[in-house]
Amino acid sequence: MGNEFNKRFISSILLIPLVFFVILKGGYLFIAFLSICFLISCYEWHLMTKKKSYNIYGYFFLIFSFLTVYLIRINFEGKGLSFFLLVITICISTDIGGYIFGKIIRGPKLIKKISPNKTYAGMFGGFFLSFLIIILINNLNLFSVDFNVYSLLNISIILLISLVSQIGDIILSYFKRLSKVKDTGKIIPGHGGILDRIDGMIFAFPFSYVLLTLGILR
């Protein structure tokens, strides 16, 4: 995996604890962090698509997506933090599982024309690791919500959130390919831009917000 993996690993080791600290702390610190990520994401989208006809629609989607992130964190009868942690953990685990399994096993490409690095092994690796991590967290009682990870409904929810996260990754890869860029930015060594890092999350959080609003995720 080489130098790219080393950069990615070190960045993740530094960033993940910081992000979770901000999420747990909440309040103005969380709002400030979320606002900075939103502004950088909009700037990266602008640089990538400023000459494209669909440029304006991306801003509307980012506003909606970041709004659902905020609403999940502060709402749902005091359980918002636990739901938030559940969703972001699934997204991060999916991304790590997809990267590791894809690099080690390789195999057939998933959608070569859109995202040449995505493989079927990576896709199933994302599903596997996200489910495994949620089982571990559930057994350690790290989430305050009563989330029975072994129920058919909740298994389906975990896999669906993981799937939506992976679809988000592919969608952003499609737009990057249209813009003929490898990454949306260079702010995170080994990862690229903020949008490169949260591509799955900006789709998974709106999807999860709908599940929460409808009472499917509870």
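Predicted model: local features only at pLDDT ≥ 70, side-chain atom pairs only at ≥ 80, totals over all residues.
Mentor: Residues are numbered from 1 along each chain as its sequence is written, and side-chain values use heavy atoms, without hydrogens and water.

Trainee: At what angle do helix 3 and helix 8 pack?

Mentor: Helices are DSSP runs (H or I, at least four residues), numbered from the N terminus. Axes are lines fitted to C-alpha atoms over the stretch in contact, and angles run from 0 to 180 degrees between N-to-C directions. Helix 3 (residues 55-74) and helix 8 (residues 201-213) pack at about 55 degrees, axes 8 Å apart. The contact (heavy atoms within 4.5 Å) includes F61 and L62 of helix 3 and I202 and F203 of helix 8.

Trainee: At what angle do helix 4 and helix 5 pack?

Mentor: Helix 4 (residues 80-105) and helix 5 (residues 120-139) pack at about 135 degrees, with axes 6 Å apart. Among the residues that meet are G97 and G98 in helix 4 and G125 and G126 in helix 5.

Trainee: How is empty space found?

Mentor: A probe the size of a water molecule is rolled over the atoms. The second largest pocket has a volume of about 200 Å³. A pocket is an open set of points on a 1 Å grid over the protein atoms alone, where a 1.4 Å probe fits, with protein on both sides within 12 Å along at least five of seven lines; lining residues have an atom within 4 Å of a point. The volume is the space filled by probe spheres set on the points, which are joined across faces, edges and corners.

Trainee: Which residues are closest to its centre?

Mentor: Of 14 lining residues, W45, G58, F61, F175 and F203 are the closest to the centre of the second largest pocket. Helix 3, helix 6 (152-179) and helix 8 each give two or more residues to that lining.
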